[in-house]
Amino acid sequence: MRQARVWFAALIAAALMAAAVACVNNTTQNSGGGSTAGGYQRKPPKKPGEPVHIGFSMDTLKEERWTRDKDLVEARAKEVGATVDTLVANSDDAVQTNQCNALLTKGVDVLIVAPHNGEIAGSIVEAAHSKGVPVISYDRLIRNSSPDLYVSHQVEKMGEMQGKYALDHVPKGNYVLIGGAPTDNNAMLLRKGQMNILQPARDRGDIQVVTDQFAKDWRPDEALRYTADAITKTNGNIQAVVASNDGTAGGAISALEAAGLGGKVLVTGQDAELAACQRIAAGTQTMTVYKPIKPLADSAVDSALKLAYGQPLDAPDKINNGTTDVPSILQVPVAVDKANLDDTVIKDGYHKCEEVYKDIPSHQCPKTAENKPSTTGGQRSAFASALALVGFLFVGVAVAFGKRR
Ligand code: BGC
């Protein structure tokens, strides 16, 4: 009897030890195959060949670039055999949170989130992680949480590009600074980059910052108002507007034009929107920062697949989001002005030459198939069809004639 009790106790001890070992192991790999890397229990990885379902939560489609992001993310997913559900929150945090919850309920394997509010979106990461779903923070950094990956461009560097361009061309004078949405981490990084360059010039007294504002939700009408106020305040004595994106640049330029200052004040931007490229061609906007979207969209989808299949990510960068160093993939931006518009945005096919220079007919666009307006293409194919028809008739007549002889 005593021996049986000893054996029983030994068995219990062994079971407890096994459970403890399993618990420890579980911090890296669970029995179902879902790892806990990143501090949460991941869904078990998909088996090779099993399709991946991605949820793409977007803040807005207001700026032209976001439509491109949506199209390119969906196209890449199709290319690699994944499905995507895209939902757009129209700058409403509650809507974005609900949409993400809906995507999680639907059972997406990975969530890609371009947050409206980087702080609030931390709760989206928490909700996803509680269901074992990894989150990729897209273009804008999600804070207050540990997203699995951040894909974006080098945003602080973009701010430096804007500041440097302005200072190189306007080394002295009155500056207006128009930042983006205070809820968007990118707006903060851009301002940081701009000030890395501008602050020393300000300290030297070379430049004076007459207005320093952030436009709610990146709204062009806010940028217009801030610029108009600055014009009134300085009696039109403004030499540079450092606008953080093309939308706000457009608002600032409307105010400058209304005051007869269009084309006389340096204006920066970001996104290489078609309207901005047209303004650069026309001389009312001075520069923009071109951020190719395809590599960004591809990196998001390709990484989503890696996360879903439990493969390691290829994320060479790290960005601290206040909570942790988030593994990051950051694409390289390009400063664009009148001098390199053709060699960058147009050469890449980001915009058609004819569209960029539509108000400047004197500009010679290269006669490539890519740049020919679609009507020309249509005419060309109509001509080819007519030629084929004539050829066909000719052969028919020749055959009939041959038979008669
Ligand atoms: C993006 C910009 C965009 C802006 C407004 C930023 O987070 O990086 O490309 O213009 O949001 O949507």
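## Two loop residues with positive phi

Asp217 sits in the loop between strand 7 (207-214) and helix 7. Helices (H or I, at least four residues) and strands (E, at least two) are DSSP runs, numbered from the N terminus. Although Asp217 is not a glycine, its phi is positive, about 50°. Asp217 counts as partly exposed because it has 16 C-beta neighbours inside 10 Å. Here a residue is buried if 20 or more other C-beta atoms lie within 10 Å of its own, exposed if 12 or fewer, and partly exposed in between, with C-beta atoms placed from the backbone.

Asn144 is another residue that is not a glycine but has a positive phi, this one of about 55°. You can find Asn144 in the loop between strand 4 (135-138) and strand 5 (149-153). With 15 other C-beta atoms within 10 Å, Asn144 is partly exposed.

## A note on the model

This is a predicted model, in which local features need pLDDT of at least 70, side-chain atom pairs count only at pLDDT 80 or more, and totals for chains, interfaces and linings use all residues. Residues are numbered from 1 along each chain as its sequence is written.

## Helix 7 and helix 8

Now follow the chain into helix 7. Helix 7 (residues 220-234) packs against helix 8 (residues 246-258) at an angle of about 40°, with the two axes 7 Å apart. That angle makes helix 7 oblique to helix 8. The axes are lines fitted to C-alpha atoms, for helices over the stretch in contact, and angles run from 0 to 180 degrees between N-to-C directions. Angles under 35 degrees count as roughly parallel, over 145 as roughly antiparallel, 65 to 115 as roughly perpendicular and the rest as oblique.

The crossing of helix 7 and helix 8 is right-handed. A crossing is left-handed if the near helix is turned anticlockwise from the far one by less than a right angle, and right-handed if clockwise. Residues making the contact include Pro220, Leu224 and Ile231 of helix 7, and Gly247, Gly251 and Leu256 of helix 8. Two residues are in contact if their C-beta atoms, placed from the backbone, lie within 7 Å.

## Helix 3 and helix 4

How do helix 3 and helix 4 cross? The axes of helix 3 (residues 93-106) and helix 4 (residues 122-130) come within 10 Å and cross at roughly 15°. The two helices are therefore roughly parallel to each other, and their crossing is right-handed. On helix 3 the contact is made by Thr97, Cys100, Asn101 and Leu104, and on helix 4 by Ser123, Ile124, Ala127 and Ala128.

Helix 4 also has a buried side. Its buried residues are Gly122, Ile124, Val125, Ala128 and His129. They cover an arc of only 155° around the axis, which puts them on the same side of helix 4; the arc is that of the directions from the helix axis to the C-beta atoms. Helix 3, strand 3 (110-114) and strand 4 are what these buried residues pack against. After helix 4 comes Gly132, with a positive phi near 80°.

Helix 2 (residues 64-79) has 16 residues, which at 1.5 Å a residue should span 22 Å, and its end C-alpha atoms are 23 Å apart, which agrees. The expected span is 1.5 Å times one less than the number of residues.

Which residues of helix 2 are buried? They are Arg65, Asp69, Val73, Arg76 and Ala77. Their arc around the axis is only 105°, which puts them on the same side of helix 2. Strand 1 (53-58), strand 2 (83-88) and helix 10 (294-309) are among the elements that cover them. The face turned away from the buried side carries the exposed residues Lys78 and Glu79. Gly81 follows helix 2 and has a positive phi, near 80°.

Gly159 lies in helix 5 (residues 155-169). With 29 C-beta neighbours inside 10 Å, Gly159 counts as buried. Gly159 and Ser244 are 85 residues apart along the chain, yet their C-alpha atoms are separated by 7.6 Å.

Asp337 belongs to strand 13 (residues 334-337). Asp337 counts as partly exposed, with 15 C-beta neighbours inside 10 Å. Cys277 is 60 residues from Asp337 in sequence and 8.4 Å from Asp337 in space, C-alpha to C-alpha.
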